[in-house]
Amino acid sequence: MYFHKVLLFWCGGTLFAFGVGKFIAIRQLPEFTMEKLLLGICMVLILGVDFVFLLRYDRSETRQKENVKENLFRERTYDLERLCSFIQAVPIVGMDAPWGDGKSFLVNMIYQDEAMKKRFTFIQIDLLTCDLNEIESILLGEIERVLQKNGIYSFHGRKTGKLFKDFSLSNVFYNVLQEEGEGVSSTFIGFEKDVRRLDKDILIVFEDIDRIKDPDIVRKIFAIAEKLAGDKIHILYQYEFSNLPWNKAFLEKYIPYEVAVTELSFERIIVALWKKCGMQRVTGLKIEDVKYIMTASVSNVILTDIHELKKYALVLRPQRIAIRNVELYLNEFVLIYKMNERYRQKENAKWLAMILFIKHFLYEQMEQIKMGKLLSESLLLTYKNETFDVETLIGRYHANIYSENECIQIVEDPVNNPVIWIFAVLRYDFSIPKADRNDPRWFANESDGVMRRMQHNEQVNRFLWNIKGNGNSEYTDMEWLAKEICETVLNKGGNPRKKAWDKIWKDAFQMENEKNNGTVQLFGETAMLSAFKALYVTGISTENWIRMIKFYFVQEEAQAITVDMIENLNFVSLMNKDVLIAVARGFVQCKVVGNMNEQKAFARFLKNYLQAIWGLGYARRRGDWYIAGMYSEELLQKKEFVVEVLADYRRALQDGEQSALFTQMKEEFQLLVQFVDKLLAVIRHNRSLKAREMQCKTGEPRIVYEHDDLLRKLKKEVLNFDSVNEVEGATFIKELEQLYREGKLNPEEYRIIEELLLKKG
């Protein structure tokens, strides 16, 4: 800054002199020229730019100093006042605060304080970077450096002694003047006399004495500092008392005065650091979503059938939070948020905030969570010297092994508090009902609510595993499948779409995905059913639903209305009318090959689609007759009742068609009338369709097809007939065509026979 001002004055003087010379020349030669004009403009511009730069530079320095003060927490201002007062009043002061809670910040503010700078020369000793066995020499060397900087060369210093000993005559005088047998103690006394000659006092700051493992070295530092401390030398120790191996009574012998740094709440620190860490640029996350994480009460999710626990409001056990911990927490949030698209979707920013909170402030519990292991199996409870998981607790309560009072005691135990809080804040679900394995099609008739609850638990596990290691996928298996279908299949057309579809399933089975996602296809479940379930549970856009429905209806397996088709279409989101219309348009083109009046899946289909027709406003009259959601699936399995309901729907849709004001609305009503007619045709068909069931024979499972006996008979015929005999082959194909036309074979069964024929050649 000083050099710049000198340069500015020099340039200004030179230009001024040059300008005066030119002025004189102009007076002598008054004619005006372009050269003189340009010269004058350049002089003005140079001086103007230099002046502006100097002004901005000076303001930036002032702003930096002001920012240091602005960044100081209000509470830290008062801590600084007390600390400075103590340091000036007494020789030895200790500053107690946890790591990262502002000790170094306060020391830096002391160094910048004008009153402290006038009173003290500062010596900072970083105990973690120096040789602790040479601590006496280091201290004396630092004091000697201060003395020499002020023009005082002590006979007790190492540098002064070396200087004298370099000359033989000086060596004689030095040995005479030096006290005989001078040791460390007398050296300190000698330095004390020399220090009194200084205009300023000395403040020696010892950093992080609590991080020195050897207590003897700490005692040694205390002893040395005690000898040095006095009117001219003051000592400041930084430490966290809880990490020192002594009690307060012992410590007061060496550190009689202590200033504890004010504890700041998590909310207070979050508010102060929010903008500094760039959190205001995060979408989908408010400051309220983060600052109340630690103090907000959450509902208990364990044993909610116990009345006392159901109303139990869970709050995380209080703990001191350091400023630096919170800053690291927010900085890591911003880093992951920026680099990973997954955490920028929907509500995932809130999930990221909660899981990173667990990582940064609940270390023990985060360490217990193992990658690939369910959260419910990783976090354990403790009771009477025994550890067990939450599901064991629930099981023991229902088996009357633990009483209600014991369960309440376990949940409220301070040791179990962080575990219970993690399950509660992540809304982990322990009450998901088990699938009805007596239903052979349980995977197709599974409740969408149950599927979403299971999906939520897997999502929690995936987020935790991903934060512990980025090689673990942040997507659940269903989310990954839905994402791949939307990105690699539905956005393509024609043959590439089918190739991409096949690749997805191959990669899933062989675990060749980018990360560690696997297949979601259950045993006995078709790939198409797994896909529809994944898309339904995870939620996709209306545009992708329409693409998926079109893709499905061009498949050969979707040419006839079978139980498989009904099961697939049960997992379509019907919140948008365009999706309903797309399903209806594909459905009415399919062939009716039998009724499914005894199938649970068909009753569910009727309920879903009739409710959608009513809910989207296509069929409405007075009363609730058309609200298919009021009907149970058992009621919708009664043929006569369903026919009556569908007939009434048909009349309502025809009324809508007649009163439609424009062509598109009229066409939609016409399509839905055809859809209802197709449903009536299915219900009235005289042949009953069966769903494929899983059977186990000699320990090996196999799929039982709709026309299983006929299919096995045809397989045998294919294996036995002579492929060279063209007449026999043509006759068999005609028979196959007749069976398919009569609905005795469905598309999937036809494809099986077709593949056998192609292999036979």
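Analyst: In this predicted model, helix 3 (residues 74–89) lies across strand 1 (92–96), strand 2, strand 3, strand 4 (233–239) and strand 5. Its direction makes an angle of about 170° with strand 5. Helix 10 (residues 215–228) also packs on the sheet, where it touches strand 1, strand 3 and strand 4. The angle between the directions of helix 10 and strand 4 is about 155°.

The sheet itself is open and has five strands, in the order 2-3-4-1-5, with parallel pairing. At its edges are strand 2 (120–126) and strand 5 (257–260), each of which pairs on one side only. From one strand to the next, the twist averages 20°. Strand 2 is joined to strand 3 (residues 201–207) by seven bridges, and the two run parallel. Within this pair, Ile125 stands opposite Phe206 of strand 3.

Next come the nonpolar cores. In soluble globular proteins, nonpolar side chains tend to be buried together. Here the largest nonpolar core has 84 residues. Those with the most contacts inside this core are Ile485, Met548, Leu569, Val572, Phe587 and Ile613. Helix 31 (residues 663–684) supplies the largest share of the core, 10 residues. A second, separate core has 73 residues, among them Ile306, Val326, Met366 and Leu464. Leaving aside residues up to four places away in sequence, Val572 touches Phe532, Tyr536, Trp545, Ile549, Val579, Val583 and Tyr609.

A helix pair can be described next. Helix 22 (residues 448–468) and helix 23 (residues 477–489) pack with their axes 9 Å apart, at an angle of about 95°. The two helices are therefore roughly perpendicular to each other, since angles of 65 to 115 degrees are classed that way. On the side of helix 22 the contact is made by Met451, Gln455, Glu458, Gln459 and Arg462, and on the side of helix 23 by Asp477, Met478 and Glu479. By type, the residues of this contact are two nonpolar, two polar and four charged.

Two residues of that contact, Gln459 and Glu479, are also touched by Arg342. Arg342 is found in the loop between helix 15 (323–339) and helix 16 (348–361). With a relative accessible area of 5%, Arg342 is buried, because the cut-off for that class is under 20%. Apart from residues up to four places away in sequence, the contacts of Arg342 are Asn348, Gln459, Phe463, Glu474, Tyr475 and Glu479.

Most residues other than glycine have a negative phi. Lys384, however, has a phi near 55°, a positive value in a residue other than glycine. Asn385 is not a glycine either, and its phi is positive at about 65°. Lys384 is placed in the loop between strand 8 (381–383) and strand 9 (386–388), and Asn385 lies in the loop between strand 8 and strand 9 as well. Lys384 has a relative accessible area of 63% and is exposed. Asn385 also counts as exposed, at 82% relative accessibility.

Note on methods
Residues numbered from 1 in each chain as written. Predicted model: local features only at pLDDT ≥ 70, side-chain atom pairs only at ≥ 80, totals over all residues. Heavy atoms only, no water. Core = buried A, V, L, I, M, F, W, Y, C linked by side-chain atoms within 4.5 Å. Buried < 20%, exposed > 50% of the residue type's maximum accessible area, 1.4 Å probe, protein only. Helix = DSSP H or I, 4+ residues; strand = E, 2+ residues; numbered from the N terminus. Contact = heavy atoms within 4.5 Å. Pairing = 2+ DSSP bridges. Axes fitted to C-alpha atoms, helices over the stretch in contact; angles between N-to-C directions. Parallel < 35°, antiparallel > 145°, perpendicular 65-115°, else oblique. Nonpolar A, V, L, I, M, F, W, Y, C, P; charged D, E, K, R; others polar.
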